[in-house]
Structure formats: C-alpha cells, structure tokens
2 protein chains.
Amino acid sequence: MSQEQLRPVRVGLLGIGTVGGGTFTVLKRNQEEIRRRAGRGIEVTMVADLNTALAQQVVGDAAQIVSDARAVIANPDVDVVVELIGGYGIAKALVLEAIAAGKHVVTANKALLAVHGTEIFAAARAKGVIVAFEAAVAGGIPIIKALREGLTANQIQWVAGIINGTTNFILSEMRDKGLDFDVVLKEAQRLGYAEADPTFDIEGVDAAHKATLLSAIAFGIPVQFDKAHVEGITQLSATDIKYAEQLGYRIKLLGIARRRDNGVELRTHPTLVPMRRLIANVEGAMNAVLVQGDAVGTTMYYGKGAGSEPTASAVVADLVDIARLLDAAPAARVPYLAFQPDEMSTLPILPLDEVITSFYLRLRVADKAGVLAKITGILAEQGISIDAVIQREADEVSGEGGNQTDLIILTHDTSEGGMNKALAAMQALPTVLAPIVRVRKEELA
Amino acid sequence: MSQEQLRPVRVGLLGIGTVGGGTFTVLKRNQEEIRRRAGRGIEVTMVADLNTALAQQVVGDAAQIVSDARAVIANPDVDVVVELIGGYGIAKALVLEAIAAGKHVVTANKALLAVHGTEIFAAARAKGVIVAFEAAVAGGIPIIKALREGLTANQIQWVAGIINGTTNFILSEMRDKGLDFDVVLKEAQRLGYAEADPTFDIEGVDAAHKATLLSAIAFGIPVQFDKAHVEGITQLSATDIKYAEQLGYRIKLLGIARRRDNGVELRTHPTLVPMRRLIANVEGAMNAVLVQGDAVGTTMYYGKGAGSEPTASAVVADLVDIARLLDAAPAARVPYLAFQPDEMSTLPILPLDEVITSFYLRLRVADKAGVLAKITGILAEQGISIDAVIQREADEVSGEGGNQTDLIILTHDTSEGGMNKALAAMQALPTVLAPIVRVRKEELA
C-alpha cells in the first residue's frame with residue numbers, strides 16, 4: 001500500500017504583497033511538514049507582481065518572476081493560480097481567465113466573491129476547477145471549512161461574527177479609554193491597524209462582504225452582497241458604549257446571517273452583545289465567529305483575522321486541499337458554496353424592514369413629568385415591549401442646566417419596520433430634543 | 001456538468017444509545033439538507049443493539065434492527081459502520097472486523113483509538129478504508145478537521161483544551177460556590193453531568209485519551225496513551241481555586257500537547273490559566289481547544305463537547321466526508337493522523353520530569369522569621385525563579401491560633417524534575433507543616 005511519489009503541485013502567485021509574501025514564506029519554511037501532510041509537495045513556481053524588485057527580494061531565485069499576471073495564467077506548468085491582488089477590477093478578469101485556462105484558483109478576495117461570486121463559481125463549475133477561499137473570511141481561522149464541512153449535519157440557524165479586525169480594535173480602544181471614534185481612528189491609523197483610507201472597514205463594507213460569503217455557505221443561497229444591510233461604526237459615541245456597559249453589554253460590529261421561516265437576514269451593524277458571552281470579550285484586532293446549528297448548538301471559532309502569515313495559513317490550507325484532490329473527480333470535492341450547485345436554496349434575503357432584533361435606544365429628553373409615559377406609549381402602539389429603562393438623574397448630565405436628561409431603553413425583539421415607525425413618532429415629540437440614537441442588540445443564545 | 005444521481009451511502013449503526021439515537025435523529029430530520037450538501041443521500045439501513053426494544057422505539061420501521069452487531073458487519077449492503085458502543089473490548093473486535101470486511105468506520109470511541117489506534121489505522125490502511133473520528137474529541141466542535149485540514153500550513157506548537165465537560169462543570173461550580181470537590185461531584189451526579197462511576201472523567205483519563213488523539217494529529221506521531229501523564233481534579237480544594245482567583249487565574253483541567261525540540265509533552269492535569277484568556281472563561285460543561293501554529297498564531301474552537309446531538313453532529317460530518325470520497329482513490333483522503341502514514345514523526349513523548357511548566361505552590365508554614373528565605377533559597381538552588389509570592393497574614397487563617405500561615409508562590413517556567421527536587425527539600429523543612437500543594441500553570445500565549 002506504499003504510495004508512489006506524486007509530482008508536486010505547481011503554484012503561481014498573483015501579487016507578492018502582505019499575503020503573497022506570507023504565503024511564499026510559509027510554503028518555504030514549512031515545506032517538509034506540508035508535504036508530509038499533503039502527500040505531495042506544493043511549490044511556488046511563478047510569481048507575478050508589478051513590483052518585480054519587491055518580488056525578487058521576497059522570492060529570490062526560487063521561482064520565475066514576471067510583471068504580467070497573464071504570463072502565469074498562460075503557463076501550462078502552473079496547476080493553481082493564487083489571486084492576492086484584491087478588488088473587483090483586474091482581479092476579476094484574471095480569476096476568470098485562470099478558470100478559462102483550466103487552473104484551480106485560490107483567493108483571499110472577499111469583495112470579488114461577495115459581488116461576483118455567482119459568475120465566478122458558474123465559470124469554475126463549467127470548467128471543472130476548484131475555487132477555494134478560506135482566506136477570504138476571518139484570516140487564518142478555518143471558518144469556511146467548519147461551515148462547509150465540519151457542520152454539515154446541521155440546519156444552520158445563524159452565524160454572527162466579529163470579522164473585521166480594524167473596527168474591533170477601534171471599538172476595544174473606545175471602550176477601554178472612553179474616547180470617541182474620530183480620536184481612536186487616528187490612533188489606529190498611526191499604529192497600522194487602520195488604512196490611510198479606512199472607508200471599507202469603518203463603514204462595514206469589508207465585514208458585509210464576509211457576512212455575504214458566510215450567508216451563502218451557511219444556507220446554500222447565492223452570494224447577494226447587493227441585498228446586504230451595511231452599517232459601520234462611524235456614528236458610535238463613547239457615551240453609548242458606556243451606557244451599554246452599565247447595562248451589561250459590549251458593542252461589537254457584527255456580520256450576521258440568520259435564517260427565518262420566510263428568508264435570510266443579512267446585515268452588518270454595531271450590536272450590543274451580553275458581556276458574559278465569550279464573543280463580547282474578543283478584543284483588539286482579533287476575529288471570532290459564532291455558528292448556531294440545530295444539532296451542535298452554538299460553536300465559536302477564534303483567531304487572527306488578518307495579517308501576513310495568519311492569512312497565508314488559510315491560503316496554504318486551500319492549496320493542501322487541492323493537492324489531495326488534484327487527481328480526483330469533481331464529485332469528491334466540497335461544493336463552492338457548501339451545497340451542490342443544483343441544490344441551492346431560493347430563500348430570499350429579507351428586506352431590512354422585516355429583520356427582527358431588539359434595540360438599545362438613547363433619547364435626549366426634557367426632564368419633565370409624562371415624557372416617559374409618552375415614549376413607552378408610542379412603543380406599545382407598535383407592539384414593542386420594553387426590557388429595561390434607565391432614566392438618568394438630570395443633574396448627572398453635565399453642564400446643561402439640569403432640564404435635560406438621557407433616557408436609555410432596551411427593547412425586546414421587534415421588526416425593524418415597526419421600530420422605524422416608533423422612532424419617527426418619538427422623534428416628532430417636542431420633548432425629544434436631539435436625534436434618537438438606535439443600536440441593535442442580539443442575545444446570541 | 002449536471003451531476004448524475006448517486007446512490008445513497010448506506011450506514012449501519014452499532015449502538016443506539018445517546019449518540020446513536022442522536023445520529024439517527026439528525027440524519028432523519030436533516031436528511032434533505034445533508035443530501036443537498038453531500039451530493040448523495042445518507043441512510044441508516046441497519047441498527048444493532050442488544051436492547052432491540054429501545055432500537056425499535058428510536059428507529060421504528062426505518063431500518064433493519066438486529067441484536068448482533070456482526071450481522072451489520074456481514075451485510076454487503078452496508079458501506080459504513082458507525083461504532084458507538086464504547087470501551088476497548090467488544091468495540092475493538094467489531095471495528096477490526098468491520099475494517100476486515102472492507103467497511104469504512106466512523107467512531108466516537110476515544111478510549112479505543114488512544115490505546116489501540118496504531119493497530120486500527122494500520123489495518124484500515126491495508127484494507128483501503130477510512131476510519132473517521134471527529135466525534136471522539138470535543139463532541140460537535142470540528143477540532144479534528146481544523147487540525148487535520150484547516151491548519152495544514154502550520155508547524156503546530158501546542159494544543160491545549162478543556163476537553164472533558166464533567167470536570168469543567170465541577171470546577172466551574174467549585175469556583176462559583178466556593179465548595180469542595182466531593183460536594184460538587186455529588187451535585188453533578190444528581191444533575192446528570194457526572195456518571196454514577198465518574199472515575200474516567202474525574203481522574204483525567206477521558207481528557208488524556210482525547211489529548212493523545214490531538215497530539216497525534218498535531219505532530220504526526222503515533223497515539224501513545226501509555227506515555228501520557230494523567231492527573232485528575234480529585235485533589236483540588238476550594239482554597240486553591242480561591243487563591244488562584246486572587247492571583248488572576250482560573251483552574252481548568254487541560255489536556256496539553258506541546259512540541260519541544262527534543263520531544264512532545266503529553267499531559268492532562270489541573271492548570272492555572274490567566275483569567276483574561278477566553279479559555280479561562282469557558283464555563284459549565286462546555287469544551288474549548290486552543291491551537292497555536294507558527295503561521296496562524298493562536299486559534300480557539302468552542303462548543304458543546306458531549307451530548308446526543310452535538311456528538312451526532314460530528315458523526316454525521318464524518319459520514320458526509322465519506323459520502324464525498326466514496327468513489328475517490330485513497331490518495332484523495334485526509335490521512336488518519338493528519339500526516340501520510342509513511343511520513344510520521346519519530347519525536348518521542350517526553351518523560352514527565354522533562355516537562356517544562358510554571359507552578360502554583362501552596363505551603364502551610366510556621367509563621368516565623370526566616371521561613372520565606374529558606375524556601376526561596378531552595379527554589380533558587382534548583383534554578384527556579386519566582387514570579388509572585390503571597391504571604392497571608394497569620395490571623396487571616398481562621399481558628400488555628402495565628403502561628404501558621406499559607407504561603408502562595410507562583411514560579412516561572414522550570415522542569416518538572418527540578419520542581420520535584422525542590423518540593424522534596426521544602427517538604428523536609430520542619431517549618432513546612434503540611435503536604436505542599438502544587439498545581440501547574442500555563443500562560444497559553
């Protein structure tokens with residue numbers, strides 16, 4: 001039963017930046033260990049990067065270096081193309097061309113797959129090649145594998161994750177130091193935790209891309225980023241983080257995909273999470289994903305969600321999977337989106353108005369009799385029941401003469417649509433003196 | 001590219017108790033979802049249990065029921081035998097017979113694999129069949145898959161896990177309520193968290209079985225339960241849990257496998273863990289496993305480690321893997337112990353004396369001048385450096401006249417052998433008035 005020596009898998013890297021460099025380094029450093037696991041070697045034979053000098057510096061003479069990615073795709077001696085360029089533009093063209101050339105593809109590009117996944121997976125299926133993307137969500141944490149393979153026994157009920165390290169770092173700092181968003185963002189940029197243009201991170205777009213991929217593999221629905229609700233952390237104040245803390249909650253930016261009877265909720269937004277949950281204690285740039293299945297209950301996956309070698313760990317794991325399946329029929333593979341392509345679900349993404357959550361509300365109100373009764377009356381009209389209320393003593397609100405106060409309300413579950421009606425009615429009250437702050441809340445139990 | 005309809009995988013269950021019943025129930029309830037993922041159905045066609053009445057009650061007419069497990073193994077229409085009997089005796093014979101009959105095997109039996117795994121995997125390899133065992137460690141948490149497939153890029157440095165729910169429940173209760181072991185054990189038995197004969201759990205044997213499996217797949221070494229250090233929680237007192245808490249630590253029963261230059265540490269024992277680590281906050285009967293890899297850094301996997309459907313979740317995931325690979329060549333499979341059988345490591349399990357950890361020590365000493373100097377002198381002689389000392393005020397120790405006190409010492413890393421010498425010397429001091437308590441400590445960073 002001794003195994004004959006299989007030829008190495010030959011890999012072409014597109015992009016030798018942070019993740020590309022890490023992938024090259026890890027494959028080289030651990031080549032023996034990886035070969036002993038995979039049953040065959042995995043060799044980077046070609047690297048494409050516009051910055052050939054950088055590539056030369058990282059790769060040396062170990063692989064052929066080119067500036068033209070298409071030379072990698074055209075090389076018949078490359079089995080797998082690893083796309084680490086990012087973005088929707090040239091990366092999309094190259095991935096489709098690699099597929100057309102019969103190459104297997106590994107990518108860390110969540111934006112590309114969340115937006116153009118349907119087209120890419122269809123092309124790959126037609127050509128009989130693998131498109132693997134463990135590195136696209138939560139860096140080195142094998143969450144794609146857990147969902148696609150580890151939890152196949154389950155009807156998945158929901159997935160909720162801290163899947164953007166930049167925003168989790170900022171929120172951790174805001175809470176720790178009591179600082180507002182703008183101040184902490186600047187610090188995060190200085191420390192390299194946030195990019196010069198942090199829009200995709202802080203506006204929730206990156207997390208929503210990843211949540212879109214998680215929703216697809218959890219429920220067997222197509223990727224539908226265009227129907228995702230995307231909300232970032234730029235509006236959060238230190239005040240709300242502090243009040244949440246007093247109520248036993250932490251605020252985290254969560255990407256959430258939840259199955260309802262009539263569809264799937266797909267949403268990314270700041271969320272109050274009970275402090276006693278492990279995920280509420282995931283700090284700094286770390287990632288964690290909770291998955292609730294009907295058989296397994298709640299499971300959690302935690303680790304570094306970004307960075308050179310953590311992300312490379314996921315890229316290389318995909319390469320090992322491909323190495324094992326290189327000579328096997330497509331039926332032996334795990335389907336791109338966990339379910340067989342002919343067996344996808346038509347469950348729609350629900351419009352935001354139909355999403356069910358509970359809420360944290362902060363109202364700046366005139367400190368006089370009857371205000372609370374008016375507000376709770378409006379909530380009752382919409383069938384929204386109240387879990388907890390904190391009415392601050394007026395004199396606790398500094399420097400405003402004592403005739404205003406903060407009213408904090410936690411609600412039970414309600415529809416977003418109902419809450420919007422209630423918010424409009426409350427906002428119209430003359431005793432409500434500022435825009436009402438609303439943050440969604442999830443018990444995650 | 002439309003897939004032809006593949007025939008279902010036919011499963012024979014040996015044992016229809018807690019996990020067997022759960023497996024049957026989950027396969028039935030989620031059969032459509034599972035088929036849509038696996039690309040073919042998974043059907044329980046035969047069930048063997050000595051209690052055929054119970055089997056009848058669970059299974060009804062859905063499968064053939066027999067009292068003789070060998071009838072399942074002999075049935076040519078069974079593709080996969082699921083062994084859920086447990087123990088080393090009849091289970092071992094049946095697994096080997098199933099392999100000899102050319103059946104793939106799925107088992108939740110950690111005891112069997114930790115002790116007889118080498119023989120079983122060799123037989124399976126010779127026969128070309130799969131032996132899958134996700135359910136053997138940490139119930140529904142896909143930790144075997146994470147280690148064998150998700151982290152293949154890494155040289156694994158260590159694995160440390162709360163992998164026995166009974167003992168974690170007992171330790172959580174001891175801490176919460178300040179009660180001693182014996183009292184909480186009785187409560188756990190009453191609540192069904194501990195068995196009538198809890199020996200395997202409370203003496204650490206069950207956790208050590210699982211740690212043995214984790215060490216094998218993390219480092220590519222054979223299973224060697226006979227070389228594992230096994231220590232349970234029966235000697236722990238509420239006093240030490242309280243002191244640990246004051247020092248910023250929780251005490252958890254950890255199964256640990258750590259790679260050193262000259263070998264592998266394989267040990268299960270109560271361990272002080274810094275309170276700020278997520279794993280220190282895993283409470284009740286939950287399980288969690290930390291894995292440290294050289295590329296990915298630290299990752300954690302959390303969920304229910306036991307119970308009917310959580311364990312069934314893992315059994316069924318193995319069945320889906322087998323369903324996908326049923327028609328593929330053995331080269332497409334993940335090796336039993338993560339590394340190709342011809343590529344296993346010869347790294348030895350280190351004797352306990354060579355294990356490196358830090359320690360918590362509690363000494364009952366006479367409350368007089370010079371005692372601390374003597375004790376720290378002995379530690380220094382063995383090259384053991386001290387991280388922290390708490391010397392209690394004598395009057396804080398109740399009802400003993402004030403002439404005794406507790407001395408708590410946290411050390412830095414040292415060898416077990418060195419510590420044993422120091423302990424013997426300290427114990428011999430006339431001012432040390434009771435057996436010294438020693439608990440190992442891990443920073444897990």
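Predicted model: local features only at pLDDT ≥ 70, side-chain atom pairs only at ≥ 80, totals over all residues.
Residues are numbered from 1 along each chain as its sequence is written, and chains are lettered from A and ligands numbered from 1 in the order in which they are written. Local features need pLDDT of at least 70, side-chain atom pairs count only at pLDDT 80 or more, totals for chains, interfaces and linings use all residues, and side-chain values use heavy atoms, with hydrogens and water left out.

**View 1. Domain 1 and domain 2 of chain A.** Chain A is divided into domain 1 (9–141 + 309–341), domain 2 (143–303) and domain 3 (355–441), with bounds from an automatic or database domain assignment. The C-alpha centres of domain 1 and domain 2 of chain A lie 26 Å apart. Domain 1 of chain A brings 21 residues to the contact and domain 2 of chain A brings 28, where contact means heavy atoms within 4.5 Å. The area buried between the two is about 2000 Å²; buried area is the accessible area (1.4 Å probe) that two parts lose on being put together, summed over both. On the side of domain 1 of chain A, Ala114(A), Val137(A) and Ile141(A) lose the most area, together 29% of what that side buries.

**View 2. Lys145(A) and its two salt bridges.** A salt bridge is a side-chain nitrogen of Lys or Arg within 4 Å of a carboxyl oxygen of Asp or Glu. Lys145(A) meets Asp321(A) in one, at 2.9 Å from N to O. Lys145(A) also forms a salt bridge with Glu149(B), with the closest N and O atoms 2.8 Å apart.

**View 3. The pair Phe121(A) and Phe133(A).** The structure holds seven aromatic pairs over all chains, counted for rings of Phe, Tyr and Trp (its six-membered ring) with centres within 6.5 Å. In this pair the ring centres are 5.7 Å apart and the planes are at 45 degrees, so the pair is tilted. Planes under 30 degrees apart count as stacked, over 60 as edge-to-face and the rest as tilted. Phe121(A) is in helix 6 of chain A and Phe133(A) is in the loop between strand 6 (131–132) and helix 7 (143–150); helices (H or I, at least four residues) and strands (E, at least two) are DSSP runs, numbered from the N terminus.

**View 4. Chain A against chain B.** In this interface 70 residues of chain A are in contact with 70 residues of chain B. The two chains bury about 5600 Å² between them, 51% of it on carbon and sulfur atoms. In chain A, Arg36(A), Arg37(A) and Arg324(A) lose the most area to chain B. Eight salt bridges are found across the interface. Helix 13 of chain A gives the most to the side that touches chain B, with nine residues.
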